[in-house]
Amino acid sequence: MRLTPIGLVMVPLATISFVFALIAMVVIASDVLAFASPQALLIAGALIYAATIFLLSRTGIANVRELETLGNTDTLSKLPNRRALHADVERYSRGDEEVAIALIDLDSFKQVNDHYGHSLGDQLIQECAKLLQETCGEEAKCYRLGGDEFAAVMNGRVAGTILEGICRTVLEKLQKPIQVGSRSITVGASIGLARSTAASRLPSTEMLRRSDVAMYMSKRGGKMRCTWFNETFDQRREAVRELEDDLRTGLANDEFELAYQPLVDAEKGKIVAVEALLRWNRQDNRKIGPNVFIPVAEESGIINPIGLWVLREAVKNALRWDNITLSVNISAAQLRNPEFPIKLGEILEETGFPAHLLELEVTETCLVLDPVVAERSLDVIRKFGVRISLDDFGTGYASIGFLRQFRFEKLKLDRSLVVQAGEDDGSRAMMLSSIAVARALHMDVTAEGVETQEQADMVRLAGCDQIQGWLYYKAMPANEIDRLIMPQNTANQPNVGAEQTAASASAATGTGGNFS
(Lines give C-alpha, C1' and ligand atoms only; values in the text may rest on other atoms or scores of the structure.)
Protein backbone atom coordinates (compact mmCIF):
# COMPACT_ATOMS: atom_id res chain seq x y z
CA MET A 1 0.00 0.00 0.00
CA ARG A 2 1.25 3.54 -0.92
CA LEU A 3 0.05 6.54 1.01
CA THR A 4 -0.58 10.01 -0.31
CA PRO A 5 1.42 12.89 1.19
CA ILE A 6 -1.58 13.63 3.45
CA GLY A 7 -1.66 9.99 4.49
CA LEU A 8 2.02 10.10 5.35
CA VAL A 9 1.20 12.80 7.89
CA MET A 10 -2.10 11.43 9.21
CA VAL A 11 -1.04 7.80 9.76
CA PRO A 12 1.79 8.52 12.21
CA LEU A 13 -0.38 11.09 14.01
CA ALA A 14 -3.23 8.61 14.34
CA THR A 15 -0.88 5.86 15.46
CA ILE A 16 0.82 8.00 18.10
CA SER A 17 -2.57 9.28 19.28
CA PHE A 18 -3.81 5.73 19.64
CA VAL A 19 -0.71 4.71 21.61
CA PHE A 20 -0.98 7.66 23.96
CA ALA A 21 -4.71 7.08 24.47
CA LEU A 22 -4.06 3.44 25.27
CA ILE A 23 -1.37 4.31 27.78
CA ALA A 24 -3.63 6.91 29.38
CA MET A 25 -6.46 4.38 29.76
CA VAL A 26 -4.12 1.88 31.34
CA VAL A 27 -2.75 4.41 33.76
CA ILE A 28 -6.24 5.60 34.75
CA ALA A 29 -7.58 2.07 35.18
CA SER A 30 -4.51 0.63 36.81
CA ASP A 31 -5.89 1.26 40.31
CA VAL A 32 -9.21 -0.40 39.53
CA LEU A 33 -8.59 -3.07 36.92
CA ALA A 34 -5.84 -5.51 36.46
CA PHE A 35 -5.72 -4.53 32.80
CA ALA A 36 -2.26 -5.79 32.00
CA SER A 37 1.07 -6.37 33.51
CA PRO A 38 3.73 -3.75 32.91
CA GLN A 39 5.76 -6.29 30.92
CA ALA A 40 2.90 -7.09 28.56
CA LEU A 41 2.15 -3.40 28.12
CA LEU A 42 5.76 -2.75 27.24
CA ILE A 43 5.81 -5.55 24.70
CA ALA A 44 2.54 -4.36 23.13
CA GLY A 45 3.84 -0.81 22.84
CA ALA A 46 7.06 -2.00 21.28
CA LEU A 47 5.15 -4.09 18.73
CA ILE A 48 2.88 -1.19 17.81
CA TYR A 49 5.90 1.09 17.51
CA ALA A 50 7.75 -1.40 15.30
CA ALA A 51 4.70 -1.86 13.07
CA THR A 52 4.35 1.89 12.71
CA ILE A 53 8.01 2.29 11.75
CA PHE A 54 7.73 -0.57 9.21
CA LEU A 55 4.62 0.93 7.63
CA LEU A 56 6.10 4.40 7.43
CA SER A 57 9.38 3.09 6.03
CA ARG A 58 7.73 1.02 3.33
CA THR A 59 5.32 3.68 2.13
CA GLY A 60 7.90 6.46 2.51
CA ILE A 61 10.52 4.65 0.43
CA ALA A 62 7.93 3.82 -2.24
CA ASN A 63 6.84 7.45 -2.45
CA VAL A 64 10.42 8.71 -2.56
CA ARG A 65 11.18 6.35 -5.43
CA GLU A 66 8.09 7.48 -7.27
CA LEU A 67 9.03 11.13 -6.80
CA GLU A 68 12.55 10.43 -8.06
CA THR A 69 11.11 8.73 -11.13
CA LEU A 70 8.77 11.64 -11.78
CA GLY A 71 11.64 14.07 -11.31
CA ASN A 72 13.63 12.32 -14.06
CA THR A 73 10.74 11.76 -16.50
CA ASP A 74 9.04 14.05 -18.98
CA THR A 75 5.34 13.87 -18.22
CA LEU A 76 4.16 14.33 -21.83
CA SER A 77 6.38 11.92 -23.75
CA LYS A 78 7.23 9.61 -20.79
CA LEU A 79 10.87 9.81 -21.89
CA PRO A 80 13.68 10.63 -19.45
CA ASN A 81 14.18 14.39 -19.14
CA ARG A 82 17.13 16.79 -19.13
CA ARG A 83 18.03 15.98 -15.52
CA ALA A 84 18.21 12.27 -16.36
CA LEU A 85 20.38 13.01 -19.40
CA HIS A 86 22.97 14.86 -17.33
CA ALA A 87 23.03 12.05 -14.76
CA ASP A 88 23.47 9.38 -17.46
CA VAL A 89 26.21 11.25 -19.32
CA GLU A 90 28.14 11.80 -16.09
CA ARG A 91 27.79 8.09 -15.25
CA TYR A 92 28.94 6.99 -18.73
CA SER A 93 31.87 9.43 -18.53
CA ARG A 94 33.37 7.59 -15.55
CA GLY A 95 34.44 4.78 -17.88
CA ASP A 96 37.03 4.73 -20.67
CA GLU A 97 34.63 4.51 -23.62
CA GLU A 98 33.41 7.22 -25.97
CA VAL A 99 30.20 9.06 -25.05
CA ALA A 100 28.15 10.66 -27.84
CA ILE A 101 25.11 12.90 -27.68
CA ALA A 102 22.67 14.00 -30.38
CA LEU A 103 20.39 17.01 -29.94
CA ILE A 104 17.30 16.68 -32.13
CA ASP A 105 15.20 19.80 -32.73
CA LEU A 106 11.98 19.54 -34.72
CA ASP A 107 11.64 21.96 -37.63
CA SER A 108 8.48 24.08 -38.02
CA PHE A 109 6.91 22.75 -34.81
CA LYS A 110 5.79 26.26 -33.81
CA GLN A 111 3.75 26.46 -37.00
CA VAL A 112 1.98 23.22 -36.07
CA ASN A 113 0.96 24.73 -32.72
CA ASP A 114 -0.14 27.96 -34.41
CA HIS A 115 -2.19 26.20 -37.07
CA TYR A 116 -3.75 23.30 -35.20
CA GLY A 117 -3.48 24.20 -31.52
CA HIS A 118 -1.32 22.96 -28.65
CA SER A 119 -3.40 19.84 -28.09
CA LEU A 120 -2.48 18.47 -31.50
CA GLY A 121 1.08 19.72 -30.97
CA ASP A 122 1.29 17.63 -27.79
CA GLN A 123 0.09 14.58 -29.71
CA LEU A 124 2.75 15.22 -32.34
CA ILE A 125 5.41 15.34 -29.60
CA GLN A 126 4.19 11.96 -28.34
CA GLU A 127 4.32 10.44 -31.84
CA CYS A 128 7.82 11.80 -32.41
CA ALA A 129 8.91 10.35 -29.06
CA LYS A 130 7.64 6.92 -30.16
CA LEU A 131 9.42 7.24 -33.51
CA LEU A 132 12.68 8.15 -31.76
CA GLN A 133 12.39 5.28 -29.29
CA GLU A 134 11.69 2.77 -32.06
CA THR A 135 14.67 4.01 -34.07
CA CYS A 136 17.09 4.01 -31.14
CA GLY A 137 15.94 0.61 -29.87
CA GLU A 138 18.37 -0.83 -27.35
CA GLU A 139 21.41 0.93 -28.80
CA ALA A 140 20.81 4.48 -27.57
CA LYS A 141 18.78 6.10 -24.81
CA CYS A 142 16.25 8.79 -25.75
CA TYR A 143 15.28 11.93 -23.84
CA ARG A 144 12.93 14.89 -24.19
CA LEU A 145 14.56 18.11 -23.07
CA GLY A 146 11.47 20.29 -23.38
CA GLY A 147 9.45 21.98 -26.11
CA ASP A 148 10.32 20.34 -29.43
CA GLU A 149 13.82 19.29 -28.35
CA PHE A 150 14.83 15.64 -27.98
CA ALA A 151 18.18 13.99 -27.37
CA ALA A 152 19.83 10.59 -27.71
CA VAL A 153 22.91 9.37 -25.84
CA MET A 154 25.23 6.40 -26.44
CA ASN A 155 28.43 5.11 -24.96
CA GLY A 156 30.82 2.57 -26.42
CA ARG A 157 33.89 2.24 -28.61
CA VAL A 158 32.23 3.62 -31.76
CA ALA A 159 29.27 5.33 -30.09
CA GLY A 160 29.50 8.45 -32.28
CA THR A 161 29.45 6.52 -35.56
CA ILE A 162 26.47 4.39 -34.51
CA LEU A 163 24.57 7.39 -33.14
CA GLU A 164 25.07 9.33 -36.36
CA GLY A 165 23.61 6.40 -38.31
CA ILE A 166 20.60 6.34 -35.98
CA CYS A 167 20.10 10.08 -36.49
CA ARG A 168 20.15 9.73 -40.28
CA THR A 169 17.50 7.05 -39.99
CA VAL A 170 15.40 9.44 -37.87
CA LEU A 171 15.66 12.08 -40.60
CA GLU A 172 14.61 9.56 -43.26
CA LYS A 173 11.54 8.61 -41.24
CA LEU A 174 10.63 12.26 -40.64
CA GLN A 175 10.52 12.89 -44.38
CA LYS A 176 7.21 11.02 -44.37
CA PRO A 177 4.05 12.54 -42.85
CA ILE A 178 3.24 11.55 -39.27
CA GLN A 179 -0.34 10.53 -38.60
CA VAL A 180 -1.76 12.53 -35.69
CA GLY A 181 -5.43 11.78 -35.23
CA SER A 182 -7.10 12.45 -38.57
CA ARG A 183 -4.26 14.65 -39.84
CA SER A 184 -1.03 13.84 -41.63
CA ILE A 185 1.67 16.27 -40.54
CA THR A 186 5.15 16.55 -42.00
CA VAL A 187 7.74 17.86 -39.57
CA GLY A 188 11.48 17.67 -40.14
CA ALA A 189 14.39 17.94 -37.75
CA SER A 190 17.83 19.48 -37.41
CA ILE A 191 20.39 17.44 -35.48
CA GLY A 192 23.65 18.40 -33.77
CA LEU A 193 26.17 15.83 -32.54
CA ALA A 194 29.00 16.02 -30.01
CA ARG A 195 31.32 13.44 -28.43
CA SER A 196 33.51 13.01 -25.39
CA THR A 197 36.42 10.57 -25.19
CA ALA A 198 38.61 9.30 -22.37
CA ALA A 199 41.47 11.39 -23.73
CA SER A 200 39.34 14.53 -23.75
CA ARG A 201 36.52 14.09 -21.27
CA LEU A 202 33.83 16.79 -21.22
CA PRO A 203 31.15 17.49 -18.61
CA SER A 204 27.56 16.84 -19.62
CA THR A 205 26.74 20.57 -19.75
CA GLU A 206 29.52 21.22 -22.26
CA MET A 207 28.50 18.24 -24.40
CA LEU A 208 24.92 19.48 -24.50
CA ARG A 209 26.08 22.99 -25.39
CA ARG A 210 28.23 21.70 -28.22
CA SER A 211 25.45 19.59 -29.64
CA ASP A 212 23.17 22.64 -29.46
CA VAL A 213 25.69 24.72 -31.42
CA ALA A 214 26.00 21.94 -34.02
CA MET A 215 22.20 21.72 -34.26
CA TYR A 216 22.04 25.46 -34.90
CA MET A 217 24.51 25.00 -37.78
CA SER A 218 22.27 22.26 -39.19
CA LYS A 219 19.37 24.70 -39.24
CA ARG A 220 21.48 27.39 -40.91
CA GLY A 221 22.68 24.85 -43.45
CA GLY A 222 19.17 24.08 -44.67
CA LYS A 223 17.69 21.83 -41.95
CA MET A 224 16.97 18.08 -42.19
CA ARG A 225 20.64 17.24 -41.65
CA CYS A 226 23.15 16.05 -39.04
CA THR A 227 26.16 18.16 -38.11
CA TRP A 228 29.07 17.27 -35.83
CA PHE A 229 30.39 19.99 -33.56
CA ASN A 230 33.51 21.74 -34.79
CA GLU A 231 35.68 24.17 -32.83
CA THR A 232 35.21 26.79 -35.57
CA PHE A 233 31.46 26.85 -34.85
CA ASP A 234 32.05 28.74 -31.63
CA GLN A 235 34.05 31.39 -33.48
CA ARG A 236 31.36 31.67 -36.15
CA ARG A 237 28.59 31.89 -33.57
CA GLU A 238 30.44 34.63 -31.73
CA ALA A 239 30.84 36.51 -35.00
CA VAL A 240 27.10 36.20 -35.67
CA ARG A 241 26.33 37.45 -32.17
CA GLU A 242 28.59 40.46 -32.73
CA LEU A 243 26.88 41.12 -36.06
CA GLU A 244 23.49 41.05 -34.33
CA ASP A 245 24.70 43.68 -31.85
CA ASP A 246 26.12 45.76 -34.71
CA LEU A 247 22.79 45.60 -36.56
CA ARG A 248 20.95 46.94 -33.51
CA THR A 249 23.52 49.68 -33.12
CA GLY A 250 23.38 50.48 -36.83
CA LEU A 251 19.60 50.86 -36.73
CA ALA A 252 19.83 53.16 -33.70
CA ASN A 253 22.59 55.25 -35.34
CA ASP A 254 20.91 55.61 -38.77
CA GLU A 255 23.62 53.64 -40.56
CA PHE A 256 21.18 52.16 -43.08
CA GLU A 257 20.19 53.76 -46.35
CA LEU A 258 18.25 52.80 -49.46
CA ALA A 259 19.31 52.56 -53.07
CA TYR A 260 16.80 52.18 -55.90
CA GLN A 261 17.17 50.17 -59.10
CA PRO A 262 14.80 51.18 -61.92
CA LEU A 263 12.71 48.73 -63.95
CA VAL A 264 11.95 49.75 -67.53
CA ASP A 265 9.05 49.04 -69.84
CA ALA A 266 10.18 46.26 -72.17
CA GLU A 267 8.82 47.98 -75.28
CA LYS A 268 9.36 51.70 -74.60
CA GLY A 269 12.42 51.60 -72.35
CA LYS A 270 10.99 54.19 -69.94
CA ILE A 271 11.19 53.77 -66.16
CA VAL A 272 7.96 52.33 -64.78
CA ALA A 273 9.06 51.06 -61.37
CA VAL A 274 11.92 51.13 -58.85
CA GLU A 275 13.04 48.46 -56.42
CA ALA A 276 14.25 49.58 -52.98
CA LEU A 277 17.50 47.90 -51.93
CA LEU A 278 18.97 48.10 -48.43
CA ARG A 279 22.55 49.23 -47.87
CA TRP A 280 24.50 49.32 -44.58
CA ASN A 281 27.06 52.11 -44.19
CA ARG A 282 28.90 51.02 -41.08
CA GLN A 283 30.81 53.59 -39.09
CA ASP A 284 33.95 51.43 -39.31
CA ASN A 285 33.57 51.44 -43.15
CA ARG A 286 33.47 47.63 -43.32
CA LYS A 287 31.48 46.53 -46.34
CA ILE A 288 28.89 43.88 -45.45
CA GLY A 289 26.36 42.98 -48.12
CA PRO A 290 22.66 42.21 -47.62
CA ASN A 291 23.34 38.56 -48.47
CA VAL A 292 25.35 38.41 -45.20
CA PHE A 293 23.46 40.61 -42.76
CA ILE A 294 19.86 39.94 -43.85
CA PRO A 295 19.92 36.22 -42.81
CA VAL A 296 21.38 37.21 -39.43
CA ALA A 297 18.69 39.89 -39.03
CA GLU A 298 16.00 37.33 -39.86
CA GLU A 299 17.23 34.76 -37.35
CA SER A 300 17.58 37.31 -34.56
CA GLY A 301 14.27 39.08 -35.21
CA ILE A 302 15.95 42.42 -35.95
CA ILE A 303 14.54 42.17 -39.46
CA ASN A 304 11.16 43.34 -38.16
CA PRO A 305 12.20 46.87 -37.09
CA ILE A 306 14.65 47.11 -40.02
CA GLY A 307 11.96 46.02 -42.47
CA LEU A 308 9.51 48.62 -41.16
CA TRP A 309 12.20 51.31 -41.48
CA VAL A 310 12.80 50.25 -45.10
CA LEU A 311 9.08 50.44 -45.90
CA ARG A 312 8.57 53.82 -44.29
CA GLU A 313 11.70 55.36 -45.84
CA ALA A 314 10.97 53.93 -49.30
CA VAL A 315 7.37 55.17 -49.51
CA LYS A 316 8.41 58.63 -48.23
CA ASN A 317 10.94 58.90 -51.07
CA ALA A 318 8.61 57.41 -53.67
CA LEU A 319 5.91 60.00 -52.92
CA ARG A 320 7.73 62.38 -55.27
CA TRP A 321 7.77 59.92 -58.19
CA ASP A 322 4.28 60.19 -59.72
CA ASN A 323 2.87 56.94 -61.15
CA ILE A 324 6.10 55.01 -60.55
CA THR A 325 5.57 51.65 -58.83
CA LEU A 326 7.68 51.03 -55.73
CA SER A 327 8.89 47.47 -55.07
CA VAL A 328 10.04 46.48 -51.56
CA ASN A 329 11.37 43.07 -50.55
CA ILE A 330 9.92 41.44 -47.44
CA SER A 331 11.41 38.44 -45.67
CA ALA A 332 9.90 35.20 -44.41
CA ALA A 333 10.23 36.43 -40.82
CA GLN A 334 8.21 39.56 -41.62
CA LEU A 335 5.53 37.55 -43.37
CA ARG A 336 5.21 35.23 -40.37
CA ASN A 337 4.81 38.19 -38.04
CA PRO A 338 1.04 38.71 -37.51
CA GLU A 339 1.65 42.41 -36.76
CA PHE A 340 3.31 43.10 -40.11
CA PRO A 341 0.10 43.73 -42.13
CA ILE A 342 -1.14 46.05 -39.37
CA LYS A 343 2.12 48.04 -39.39
CA LEU A 344 2.02 48.20 -43.19
CA GLY A 345 -1.48 49.67 -43.06
CA GLU A 346 -0.33 52.25 -40.51
CA ILE A 347 2.60 53.30 -42.73
CA LEU A 348 0.34 53.73 -45.77
CA GLU A 349 -2.08 55.81 -43.72
CA GLU A 350 0.64 57.97 -42.14
CA THR A 351 2.44 58.71 -45.41
CA GLY A 352 -0.55 58.86 -47.75
CA PHE A 353 1.28 56.70 -50.29
CA PRO A 354 -1.09 55.18 -52.91
CA ALA A 355 -1.40 51.49 -52.04
CA HIS A 356 -1.81 50.46 -55.70
CA LEU A 357 1.69 51.79 -56.43
CA LEU A 358 3.30 49.61 -53.75
CA GLU A 359 4.49 46.13 -54.67
CA LEU A 360 5.85 43.73 -52.05
CA GLU A 361 8.30 41.13 -53.32
CA VAL A 362 8.37 37.72 -51.63
CA THR A 363 10.49 34.69 -52.44
CA GLU A 364 9.35 31.11 -52.84
CA THR A 365 11.15 30.18 -49.62
CA CYS A 366 9.01 32.65 -47.66
CA LEU A 367 5.87 30.86 -48.75
CA VAL A 368 7.03 27.24 -48.66
CA LEU A 369 8.21 27.53 -45.03
CA ASP A 370 4.75 28.45 -43.77
CA PRO A 371 2.13 28.55 -46.55
CA VAL A 372 -0.93 28.87 -44.29
CA VAL A 373 0.33 31.89 -42.34
CA ALA A 374 1.80 33.43 -45.52
CA GLU A 375 -1.48 33.16 -47.40
CA ARG A 376 -3.37 34.67 -44.47
CA SER A 377 -0.98 37.65 -44.28
CA LEU A 378 -1.00 38.19 -48.05
CA ASP A 379 -4.81 38.23 -48.09
CA VAL A 380 -4.82 41.04 -45.51
CA ILE A 381 -2.15 42.98 -47.42
CA ARG A 382 -4.09 42.72 -50.70
CA LYS A 383 -7.14 44.26 -49.05
CA PHE A 384 -5.13 47.49 -48.72
CA GLY A 385 -4.70 47.46 -52.51
CA VAL A 386 -1.01 46.47 -52.37
CA ARG A 387 0.30 44.18 -55.12
CA ILE A 388 2.31 40.99 -54.45
CA SER A 389 5.21 39.91 -56.63
CA LEU A 390 6.99 36.53 -56.60
CA ASP A 391 10.72 37.24 -56.69
CA ASP A 392 13.57 35.01 -57.95
CA PHE A 393 11.25 32.65 -59.82
CA GLY A 394 13.09 29.64 -61.23
CA THR A 395 15.40 29.01 -58.28
CA GLY A 396 13.13 27.09 -55.89
CA TYR A 397 10.02 25.00 -55.53
CA ALA A 398 7.21 26.93 -57.23
CA SER A 399 4.77 24.96 -59.36
CA ILE A 400 1.63 25.88 -61.29
CA GLY A 401 -0.49 24.90 -58.29
CA PHE A 402 1.75 27.06 -56.10
CA LEU A 403 1.23 30.07 -58.41
CA ARG A 404 -2.53 29.56 -58.49
CA GLN A 405 -2.74 29.24 -54.69
CA PHE A 406 -1.09 32.59 -53.98
CA ARG A 407 -2.41 34.61 -56.96
CA PHE A 408 0.59 36.86 -57.53
CA GLU A 409 0.20 40.04 -59.52
CA LYS A 410 3.72 39.77 -60.94
CA LEU A 411 6.34 37.09 -61.61
CA LYS A 412 10.02 38.08 -61.57
CA LEU A 413 12.25 35.69 -63.53
CA ASP A 414 15.54 35.14 -61.72
CA ARG A 415 18.75 36.23 -63.39
CA SER A 416 20.02 32.62 -63.54
CA LEU A 417 17.00 31.58 -65.62
CA VAL A 418 17.52 34.51 -68.01
CA VAL A 419 21.24 33.76 -68.42
CA GLN A 420 20.67 30.02 -68.97
CA ALA A 421 17.86 30.72 -71.46
CA GLY A 422 20.43 32.43 -73.67
CA GLU A 423 22.72 29.41 -73.52
CA ASP A 424 20.62 26.30 -74.21
CA ASP A 425 17.26 25.34 -75.69
CA GLY A 426 16.02 23.54 -72.60
CA SER A 427 16.40 26.60 -70.37
CA ARG A 428 14.85 28.79 -73.05
CA ALA A 429 11.84 26.48 -73.20
CA MET A 430 11.56 26.62 -69.41
CA MET A 431 11.58 30.42 -69.48
CA LEU A 432 8.97 30.56 -72.24
CA SER A 433 6.70 28.10 -70.43
CA SER A 434 7.02 30.14 -67.22
CA ILE A 435 5.97 33.29 -69.04
CA ALA A 436 3.05 31.43 -70.68
CA VAL A 437 1.82 30.20 -67.27
CA ALA A 438 2.10 33.71 -65.83
CA ARG A 439 0.09 35.10 -68.72
CA ALA A 440 -2.60 32.46 -68.26
CA LEU A 441 -2.85 33.43 -64.59
CA HIS A 442 -3.01 37.16 -65.47
CA MET A 443 0.39 38.02 -64.01
CA ASP A 444 2.83 40.62 -65.27
CA VAL A 445 6.35 39.34 -65.93
CA THR A 446 9.69 41.01 -65.18
CA ALA A 447 13.09 39.70 -66.25
CA GLU A 448 15.82 40.32 -63.63
CA GLY A 449 19.57 40.61 -64.09
CA VAL A 450 19.57 41.57 -67.78
CA GLU A 451 23.09 42.67 -68.68
CA THR A 452 23.37 42.35 -72.47
CA GLN A 453 21.33 43.58 -75.41
CA GLU A 454 20.89 40.00 -76.59
CA GLN A 455 19.25 39.07 -73.26
CA ALA A 456 17.02 42.15 -73.45
CA ASP A 457 15.86 41.29 -76.97
CA MET A 458 15.24 37.68 -75.97
CA VAL A 459 13.05 38.45 -72.93
CA ARG A 460 11.20 41.17 -74.83
CA LEU A 461 10.31 38.78 -77.65
CA ALA A 462 9.41 36.12 -75.06
CA GLY A 463 6.70 38.44 -73.69
CA CYS A 464 8.17 40.10 -70.59
CA ASP A 465 6.52 43.38 -69.60
CA GLN A 466 9.43 44.88 -67.67
CA ILE A 467 13.20 44.49 -67.64
CA GLN A 468 15.57 45.09 -64.72
CA GLY A 469 19.34 44.92 -64.93
CA TRP A 470 22.65 46.67 -65.36
CA LEU A 471 22.11 46.99 -69.10
CA TYR A 472 19.75 49.84 -68.24
CA TYR A 473 20.43 51.01 -64.67
CA LYS A 474 22.30 50.03 -61.55
CA ALA A 475 21.01 50.79 -58.04
CA MET A 476 21.34 54.47 -57.16
CA PRO A 477 20.37 57.01 -54.48
CA ALA A 478 16.91 58.58 -54.45
CA ASN A 479 18.12 61.92 -55.83
CA GLU A 480 19.49 60.13 -58.92
CA ILE A 481 16.03 58.64 -59.48
CA ASP A 482 14.68 62.21 -59.32
CA ARG A 483 17.08 63.21 -62.09
CA LEU A 484 16.12 60.25 -64.31
CA ILE A 485 12.38 60.63 -63.89
CA MET A 486 12.31 64.40 -64.49
CA PRO A 487 12.71 64.15 -68.32
CA GLN A 488 9.98 61.48 -68.45
CA ASN A 489 7.52 63.65 -66.58
CA THR A 490 8.44 66.66 -68.68
CA ALA A 491 7.91 64.71 -71.89
CA ASN A 492 4.52 63.48 -70.69
CA GLN A 493 3.29 67.02 -69.97
CA PRO A 494 1.49 69.04 -72.68
CA ASN A 495 3.56 71.75 -74.38
CA VAL A 496 2.39 74.75 -72.38
CA GLY A 497 5.51 76.88 -72.56
CA ALA A 498 8.99 77.10 -71.21
CA GLU A 499 7.87 78.70 -67.97
CA GLN A 500 5.83 75.68 -66.88
CA THR A 501 8.53 73.28 -68.07
CA ALA A 502 11.10 75.09 -65.94
CA ALA A 503 8.78 74.86 -62.97
CA SER A 504 8.50 71.11 -63.54
CA ALA A 505 12.29 70.81 -63.66
CA SER A 506 12.56 72.71 -60.39
CA ALA A 507 10.04 70.38 -58.77
CA ALA A 508 11.89 67.28 -59.95
CA THR A 509 15.04 68.40 -58.17
CA GLY A 510 13.12 68.71 -54.91
CA THR A 511 12.98 72.54 -54.74
CA GLY A 512 9.23 72.88 -55.00
CA GLY A 513 6.03 71.63 -56.60
CA ASN A 514 4.43 68.24 -56.18
CA PHE A 515 7.74 66.40 -55.72
CA SER A 516 8.94 68.29 -52.64
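Reader: Why is Trp-280 called buried?

Author: Its relative accessible area is 5%, and buried means under 20% (exposed is over 50%, partly exposed lies in between, with a 1.4 Å probe and protein chains only). Trp-280 therefore counts as buried. A word on the basis: this is a predicted model, where local features need pLDDT of at least 70 and side-chain atom pairs count only at pLDDT 80 or more, while totals for chains, interfaces and linings use all residues. Residues are numbered from 1 along each chain as its sequence is written, and side-chain values use heavy atoms, with hydrogens and water left out.

Reader: How many aromatic pairs does the structure hold?

Author: There are 6; rings of Phe, Tyr and Trp (its six-membered ring) pair if their centres lie within 6.5 Å, with planes under 30 degrees apart called stacked, over 60 edge-to-face and the rest tilted.

Reader: What makes the pair of Trp-280 and Phe-293 edge-to-face?

Author: The ring centres are 5.4 Å apart and the planes stand at 80°, so the pair is edge-to-face. Trp-280 belongs to strand 9 (residues 271-280) and Phe-293 to helix 9 (residues 290-300), so the pair ties together parts 13 residues apart in sequence. Helices (H or I, at least four residues) and strands (E, at least two) are DSSP runs, numbered from the N terminus. Phe-293 is buried too, with a relative accessible area of 0%. Ring pairs also bring in Phe-256, which forms a cluster with Trp-280 and Phe-293.

Reader: How do you know that the charged end of Lys-474 sits over the ring of Trp-470?

Author: That needs NZ of Lys or CZ of Arg within 6 Å of the ring centre and within 35 degrees of the ring normal. The charged end of Lys-474 sits over the Trp-470 ring, 4.4 Å from its centre. Arg-237 does likewise over the ring of Tyr-216, at 5.2 Å.

Reader: What makes Ser-190 count as buried, and what does its side chain touch?

Author: Ser-190, in strand 6 (residues 189-196), has 0% relative accessibility, so it counts as buried. Its side chain makes a polar contact with the side chain of Asp-107 at 3.0 Å; the limit for such a pair of N or O atoms is 3.5 Å, and within protein one must be able to donate a hydrogen and the other to accept it, while residues adjacent in sequence count only if both atoms are side-chain atoms.

Reader: Why is strand 11 called mostly covered?

Author: In strand 11 (residues 358-363), 5 of its 6 residues are buried.
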